[in-house]
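This report covers one protein chain. Please look over the sequence and the structure first.

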Amino acid sequence: MMDNFTPGPFTEELVTAGIPEHLHEWLGALGIGALVVKMGIHFLEMSPERSVATMPVEGNTQVAGILHGGAHVVLAETLGSFAAGMHAGAGRHALGIEVSATHHRAIAAGTVTGTCTAIHLGRTLTTHEIVMTDEQGRRLSTARITNMLRENAPSGP
């Protein structure tokens, strides 16, 4: 258990990624994940109903010099999974069971913003839509993720 005076092992990572302080206890022991750090994802808003994050195009491109389609999906799955995890609450966790994406427009430079909006927040399932846009607000891709909510396994003696 973490008190208010002892930072968790991932405190610097959480601050750098823009994770709101009220979520540090939840994520402090595990961090946000190596892939999220590697992709340069930075959170602007975080709630089960709506989460927003940015990601640079630079460093996340495919051989043709445009943002890799998988990078779109990483941003979408990150936002949807964190939102579902917040909805799950203490003692439960979210497991992605389906993710899909449609790519509408390519981007070769700049920053992508992902906006995640809840479609369904149920007792056992959540579904979120994530829209990726460029700096001019043009839609780059649309993704959808469904997460199953499960109870955490009991801790052994």
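## Met86 and its surroundings

Leaving aside neighbours within four places in sequence, Met86 is in contact with Leu23, Trp26, Met46, Ser47, Pro48 and Ser51. Contact here means heavy atoms within 4.5 Å. Met86 is found in helix α4. Helices (H or I, at least four residues) and strands (E, at least two) are DSSP runs, numbered from the N terminus. Met86 is buried, with a relative accessible area of 16%. The classes use a 1.4 Å probe and protein chains only: buried is under 20% relative accessible area, exposed over 50%, and partly exposed in between. Val36 lies 50 residues from Met86 along the chain, and their C-alpha atoms are separated by 17 Å.

This is a predicted model: local features need pLDDT of at least 70, side-chain atom pairs count only at pLDDT 80 or more, and totals for chains, interfaces and linings use all residues. Residues are numbered from 1 along each chain as its sequence is written, and side-chain values use heavy atoms, with hydrogens and water left out.

## Helix α4

Of the 20 residues of α4, 14 are buried, so the helix is largely enclosed by the rest of the structure. Its length agrees with expectation: at 1.5 Å a residue, α4 should span 28 Å, and its end C-alpha atoms are 28 Å apart. The expected span is 1.5 Å times one less than the number of residues in the helix.

α4 lies across β1, β2, β3, β4, β5 and β6. It runs at about 40° to β6. Axes are lines fitted to C-alpha atoms, for helices over the stretch in contact, and angles run from 0 to 180 degrees between N-to-C directions. Just after α4, Gly89 takes a positive phi of about 80°.

## The sheet

Six strands form an open sheet in the order β1-β2-β4-β5-β6-β3, with antiparallel pairing. Two strands pair if DSSP finds at least two bridges between them. β1 (42–45) and β3 (92–103) stand at the edges with a single partner strand each, so one side of each has no neighbour in the sheet. The twist averages 25° from one strand to the next.

Glu45 has Val52 of β2 as its bridge partner. Between β3 and β6, which run antiparallel, there are 11 bridges. Leu95 has its bridge partner, Met148, in β6.

## The nonpolar core

The largest nonpolar core has 31 residues. Such a core is a set of buried Ala, Val, Leu, Ile, Met, Phe, Trp, Tyr and Cys residues joined through side-chain atoms within 4.5 Å. Ile19, Ile41 and Phe43 have the most contacts inside it. At least two core residues come from each of α3 (34–39), β2 (50–56), α4 (69–88), β4 (111–121), β5 (125–133) and β6 (139–151). α4 gives the largest share, 8 residues. In soluble globular proteins, nonpolar side chains tend to be buried together.

Not counting residues up to four places away in sequence, Ile19 touches Leu14, His24, Leu27, Ile32, Phe43 and Met46. His24 lies in helix α2 (residues 24–27). At 12% relative accessibility, His24 counts as buried. Its side chain reaches the backbone oxygen of Ile19 at 3.0 Å.

## Polar contacts between strands and beyond

A polar contact is a pair of N or O atoms within 3.5 Å; within protein, one must be able to donate a hydrogen and the other to accept it, and residues adjacent in sequence count only if both atoms are side-chain atoms. Thr127, in strand β5, is buried at 13% relative accessibility. A polar contact of 3.2 Å joins its side chain to that of Thr146. Setting aside neighbours within four places in sequence, Thr127 is also in contact with residues including Thr117, Ile119, His120 and Arg144.

His93 lies in strand β3. At 29% relative accessibility, His93 counts as partly exposed. A polar contact of 2.7 Å joins the side chains of His93 and Asn152. Not counting residues up to four places away in sequence, His93 touches Ala88, Met148, Leu149, Arg150, Glu151 and Asn152. Ile107 is 14 residues from His93 in sequence, yet 34 Å away in space, C-alpha to C-alpha.
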